Amino acid sequence: MRKSLFIKYFSTSAICVLLGYTLLLVTAIPLTVRMWYSEKQDMLRNNCTRLAESAKEMIDYAEFTSSLELMSISSATSNGTVVFFADRNGHVIACSEGHDITNADSLYNKSVSVDIMNKAYNGVYTELGRLGGLYDSDYYSAATALVGRDDSIIGAVFTSYTAANQEKYLKQLVEIFIISLAVSITVIFVVMYLLVRHMVQPLKEMSEASSRIARGDFTKNITINPNRNDEVAELAKSFNSMAASLEQIEYMHSSFIVNVSHELKTPMTTISGFINGILDGTVPQEKSRYYLTVVSDEINRLSTLVNAMLNLSRIESGAMKLKCTRFCLTDTLLNTLLSMEPLINEKQLNILGVDSLPEVYVEADSDLIHQVIYNLVENAVKFSNVGGYIKFGLELADNGYNIIIENSGQGIKDDEINHIFERFYKTDKSRSIDKKGLGLGLFLVKSILSLHGGSICAESEMGKFTRFTVYLPKHAQS
C-alpha cells in the first residue's frame with residue numbers, strides 16, 4: 001500500500017512540476033528572448049544615433065578618419081559591439097577592429113551593399129542577419145546616416161552585436177531551468193516520501209486491523225498521534241469507533257444466541273416432555289389438563305419471542321407501517337396495569353400516581369404503543385423490590401406527552417444505563433431476576449417510539465429507583 005500511494009503521489013507531483021516548468025519554458029523563454037532582442041536593438045539604435053552626432057561635430061577635423069576610428073574602438077569596448085563607418089559608396093573608412101588592411105577578413109576590405117546604405121539613409125535601419133554578407137555569422141545590426149554640417153549625407157555609421165551571445169544566453173537560461181527542476185523534484189521526492197509515510201502508517205494499521213477483525217479479534221486499536229488533526233486521523237478514529245461497535249455487536253450477538261438458544265430449548269424440552277408423557281401414559285389422565293396448560297403457556301412464550309423478533313425485523317427493514325388511530329393513552333396505561341395485577345399483588349407493590357393521571361388522547365398505532373407500555377410496566381414490576389412501589393405520571397410536553405414510569409429497586413449502574421436501549425443488552429446477566437428476558441424489550445420500545453417520532457430516556461440511582469420517561473407526540477410523525 002505504501003509503495004503504491006507513494007508512487008501515485010510522487011508521480012502526480014513530479015508531473016505537475018514538469019508541466020509547470022514546461023509551461024514556464026514555453027512562455028518565459030520567448031518573452032525573455034524578445035526582451036533581450038528589444039534591449040539590444042535599443043542599445044544599437046542609441047549607439048548609432050550618438051555616434052552619428054559625435055561624428056558630425058568632428059567633421060572639420062584634419063584627422064577626421066582617425067578620430068572616427070578612435071571613437072569606434074572606444075564605443076565598441078564599452079558595450080561589446082562592432083562599430084564601423086562607411087562612405088557614400090559603402091566602403092569602410094573607420095572600424096573598431098583597428099586599421100589592418102592586410103587581413104583579408106578585415107572590414108576595411110569589405111563594402112556595404114547599396115541597398116543597405118540607402119535604408120540607413122532613410123532613418124535608423126535594424127536587422128538580424130549578416131548585413132548583406134559583410135559578416136560570416138548572424139549579427140544584430142543598426143545603421144543610420146552620417147551627415148555633414150550642411151546636413152548632406154556623407155556616409156553611414158553601423159553598430160553590430162553578435163547573435164552568438166543570444167545562444168549563450170539561452171543556453172545559460174535553460175541550464176538554470178534544468179537545475180531548478182532537478183532541485184525541485186529532489187525536494188518534492190523527500191517531502192512526499194516523509195508525507196506519504198506519515199499518512200500511510202494509520203492506513204497500514206487499519207489494513208492489519210481489518211484482517212484481525214475479520215478473524216474476530218477486536219482488541220487492538222489504531223494508534224493516532226494526538227497532535228494530528230487531518231482526514232486520516234478522523235478516519236482512524238472512526239475505524240476505532242467502528243471496531244468498538246463491532247466488538248459490542250459481536251458480544252451482543254453471542255449473548256443473544258446463547259439467550260435465544262436457552263429460551264427456545266427450555267420451552268421446547270418442556271413441551272416435548274409433557275406431550276410425550278401424556279401420550280405414553282406417564283402423566284396421569286387427571287393431570288393432563290394441568291400439563292396442557294403449562295404447554296400452552298410455553299407456546300405463548302415462544303410466540304411472544306418470535307413476534308418480538310419479527311417486529312424488530314420489520315421495523316429495521318422499513319416494512320413496518322403504522323396503523324394510526326385516535327385512542328385514549330390513559331386507558332392503555334390503566335389496562336396494562338390491570339393485566340399485571342396478579343404479579344403486582346404477588347410482590348406487594350404500591351401503585352402511585354394512577355388516581356391523578358389526566359385523560360389524554362393521541363393518534364398513533366395503538367397496538368405498538370400498547371407493546372411499549374406493556375414492556376415498560378412489565379420491567380417495572382419485574383425489577384421492583386418486594387414491598388416497593390411503581391409510580392406513574394402523564395404530563396403535557398412539546399406538542400405531545402411525557403409518560404413517566406418509576407419503580408423502586410436495586411437500580412441500574414451508571415456504566416450500564418447508556419447501553420440498556422441497545423439490541424440484546426441485559427443488565428441482569430446472571431438472570432437472577434429476569435429469567436425470561438432476552439434483552440430485546442427496551443430496544444423494541446425505542447424502535448417503536450422512533451417510528452412514531454418519539455423518544456425514551458432513563459435515569460436511575462443505585463439502591464433507590466429507576467425512572468423511564470417516554471415522549472410521544474400527539475400525532476405520529478412517521
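**Nonpolar cores and a surface patch**

In the largest nonpolar core, which has 42 residues, those that touch the most other members are Leu 329, Leu 376, Val 377, Phe 392, Ile 405 and Ile 456. Two or more residues of this core come from each of helix H7 (329-339), strand E8 (361-365), helix H9 (366-383), strand E9 (389-397), strand E10 (400-408), helix H11 (441-452) and strand E12 (465-473), and H9 gives the largest share, eight residues. The model described here is predicted.

**The cores**

- Leaving out residues up to four places away in sequence, Ile 456 touches Leu 376, Phe 421, Val 445, Lys 446, Leu 449, Phe 468, Thr 469 and Val 470.
- Another core lies apart from the largest one and has 21 residues, including Tyr 108, Met 117, Leu 131 and Tyr 139.
- In soluble globular proteins, nonpolar side chains tend to be buried together.

**Leu 352 and its contacts**

- Leu 352 belongs to strand E7 (residues 350-352), and it counts as partly exposed because its relative accessibility is 37%.
- Although Leu 352 and Phe 392 are 40 residues apart along the chain, their C-alpha atoms are separated by 6.2 Å.
- Beyond its neighbours within four places in sequence, Leu 352 is in contact with Tyr 389, Ile 390, Lys 391 and Phe 392.

**The surface patch**

- A nonpolar patch on the surface is formed by Ile 179, Val 183, Val 187, Val 191 and Leu 195, which together have about 440 Å² of accessible area.
- Leu 195, one of the patch residues, is found in helix H4 (residues 164-214), and it counts as partly exposed because its relative accessibility is 45%.

Conventions:
Residues are numbered from 1 along each chain as its sequence is written. This is a predicted model: local features need pLDDT of at least 70, side-chain atom pairs count only at pLDDT 80 or more; totals for chains, interfaces and linings use all residues. Side-chain values use heavy atoms; hydrogens and water are left out. Helices (H or I, at least four residues) and strands (E, at least two) are DSSP runs, numbered from the N terminus. Buried means under 20% relative accessible area, exposed over 50%, partly exposed in between (1.4 Å probe, protein chains only). Contact means heavy atoms within 4.5 Å. A nonpolar core is a set of buried Ala, Val, Leu, Ile, Met, Phe, Trp, Tyr and Cys residues joined through side-chain atoms within 4.5 Å. Patches are made of residues with over 30% relative accessible area and no salt bridge: like charges are joined within 9 Å, nonpolar side chains (Val, Leu, Ile, Met, Phe, Trp, Tyr) within 5 Å. Accessible areas come from the Shrake-Rupley method with a 1.4 Å probe; for residues, only the protein chains shown count as cover. A salt bridge is a side-chain nitrogen of Lys or Arg within 4 Å of a carboxyl oxygen of Asp or Glu.
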